[in-house]
Amino acid sequence: MKCFTTKMITASLMTLCFSATIFAQTIEVGQKDKKFTKSKIEINVGDTVKFINEDTFFHNVFSLSDIKFFDLGSFPKGEFKEVTFDKAGTIEVECAIHPEMIMTIDVK
Amino acid sequence: MKLCEIGFSPRYRLALLVFIGLIIVLPIKLQAKEFKDITFEAGHESLQGWLLPKVPHPKGNEITEARVTLGKMLFFDTRLSGDGNMSCGTCHNPLYGWSDGLPTARGFKSEVLGRASPTVINTAFNSIQMWDGRKKSLEDQAMGPMMSNAEMNMNIPKLLKFLNETNGYKKAFNKAYPKETINELTIAKGIASFERTIISNNSPFDQWIKGNKKALTKQQIKGFKLFVNPKKGNCEVCHSGSNFTDNGFHNIGLAQFGKKDADMGRYIQRPLGLMKGAFKTPTLRDITQTAPYFHDGSSLTLEEVVAHYEKGGVAKGNLSPNMKTAKLSKKEQTAIVAFMKSLNTKQQPFLLPIIPH
């Protein structure tokens, strides 16, 4: 009986993980005219944000937040970088080169 | 390098935070047009983004004559410094393009500081202040040099006592900020109001943008094209928009960055690899008045500046990805310099204030 319960719990957890993977989304945010194309987005834990440089020069994307600390380096027009958010909270994202570029990501 | 350690009183910090919260910065519309979409003809529609907008004023510190008058007195009053011999105008002197003509600033007891005094010209349009961007607004910045031991080294309680006991100042503050006391915030707001009157927006370049065909020479127009062309000068990638700055941060490969104990610039504020040795793009308006150039004053002339970029910098360890090397002939370099000289608004005599005694 104990063995059966353990198997059930394991199976449930695996299903849950599988579902989360299936339902995790990728949200695109552009960098155009020295602005993020979205100033604020709401996403769920597990979602990925894809930052696409649409300007003719290099941009950066970073966050110094405790919830999600990352620095995507610099990348030119047409290239993109992705970040998956694994904790809930509000994260301020900036471009280090152009500090007027700021956006907020609310992870639910 | 000397970095200023600035301590704000809790009361001032709170007031400043509230004030900054109220600030609405009207950003300059950056030139979004690509090189291929620009027609280099006087008055052409595609060029109009290079005209400066109206001077923005933050909520809570709207412009009034009384505020500018007060700010002008404070700006030039040497009694706002510890030794009574330095004012804001010492390092930001109208005789030297609101800078000081020195490679790097001199502070308290004439000690040599690590960075050049940035010009005050058109700082009204900046969305971020200081070479490393550590201050957001002019109000946020104004008390910094007074509080810094390395700069004006002023005792703030002593300053407030002096201003509160000087009748002329009491009247001027009351007229400028009638419902507020004389404090660090009202001093900062007064100085910022005056600084927003130091504007350069009527250069031959502006006249050419407005349609005066004779305002620029052929060489200057050629220089402008080279300045904007991403495959040639590529200057506009950072010196963008009507104030010729992206308010951004770039390591431009100055020799100083290759030395031991190099100034890390923006990295102190934003500890990201890209920001090591990166400094804020300065305006190019009234550029001939503000030599020497770069944050360390290492170039004496505009010719030297253009030659620096032409060879792609010296210390290339952490170059801005937006800095490209392109071959420019001597003739082309001269044309770019000629263009930059067209960004000077004709100088007018400046009237000093009468300070209260």
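What share of the contacts in chain A with a separation of 6 or more comes from residues 24 or more positions apart? I found 48%, where contact means heavy atoms within 4.5 Å.

I note that this is a predicted model, in which local features need pLDDT of at least 70, side-chain atom pairs count only at pLDDT 80 or more, and totals for chains, interfaces and linings use all residues. Residues are numbered from 1 along each chain as its sequence is written, chains are lettered from A and ligands numbered from 1 in the order in which they are written, and side-chain values use heavy atoms, with hydrogens and water left out.

**Chain A.** I counted one helix and nine strands; helices (H or I, at least four residues) and strands (E, at least two) are DSSP runs, numbered from the N terminus. The order from the N terminus is α-β-β-β-β-β-β-β-β-β. Of the 108 residues in chain A, 39% are buried; buried means under 20% relative accessible area, exposed over 50%, and partly exposed in between (1.4 Å probe, protein chains only).

**Helix α2 of chain B.** Helix α2 (residues 65-76) of chain B packs on helix α7 (residues 167-176) of chain B at an angle of about 145 degrees, with the axes 8 Å apart. Axes are lines fitted to C-alpha atoms, for helices over the stretch in contact, and angles run from 0 to 180 degrees between N-to-C directions. On the α2(B) side I list B:A66, B:R67, B:L70, B:M73 and B:L74, and on the α7(B) side B:Y169, B:A172, B:F173, B:K175 and B:A176. Eight of these contact residues are nonpolar, none is polar and two are charged. Here Ala, Val, Leu, Ile, Met, Phe, Trp, Tyr, Cys and Pro count as nonpolar, Asp, Glu, Lys and Arg as charged, and the others, Gly among them, as polar.

With helix α8 (residues 184-195) of chain B, the angle of α2(B) is about 100 degrees and the axes are 7 Å apart. α2(B) and α8(B) are therefore roughly perpendicular to each other, a term for angles of 65 to 115 degrees. The residues of this contact divide into eight nonpolar, three polar and three charged.

**Cores.** I recorded 35 residues in the largest nonpolar core, and those with the most contacts inside it are B:L70, B:L74, B:M146, B:L159 and B:I187. Such a core is a set of buried Ala, Val, Leu, Ile, Met, Phe, Trp, Tyr and Cys residues joined through side-chain atoms within 4.5 Å. The elements of chain B giving two or more residues to this core are α2, α3 (88-91), α5 (144-147), α6 (156-165), α7 and α8. α2(B) gives the most, with seven residues. Apart from this core lies another of 33 residues, among them B:W208, B:I287, B:Y293 and B:A335.

**Backbone in chain B.** Which residues does a cis peptide bond join? I found B:A291 and B:P292, with omega about -5 degrees. B:P292 is in the loop between β2 (279-280) and α11 (302-310) of chain B.

I also noted positive phi values in residues other than glycine, near 60 degrees for B:W98 and near 55 degrees for B:K109. B:W98 lies in the loop between α3 and α4 (138-142) of chain B, and B:K109 is also placed between α3 and α4. Are these residues buried or exposed? B:W98 is buried, with a relative accessible area of 9%, whereas B:K109 is exposed, at 62%.

Methods
Angles under 35 degrees count as roughly parallel, over 145 as roughly antiparallel, 65 to 115 as roughly perpendicular and the rest as oblique.
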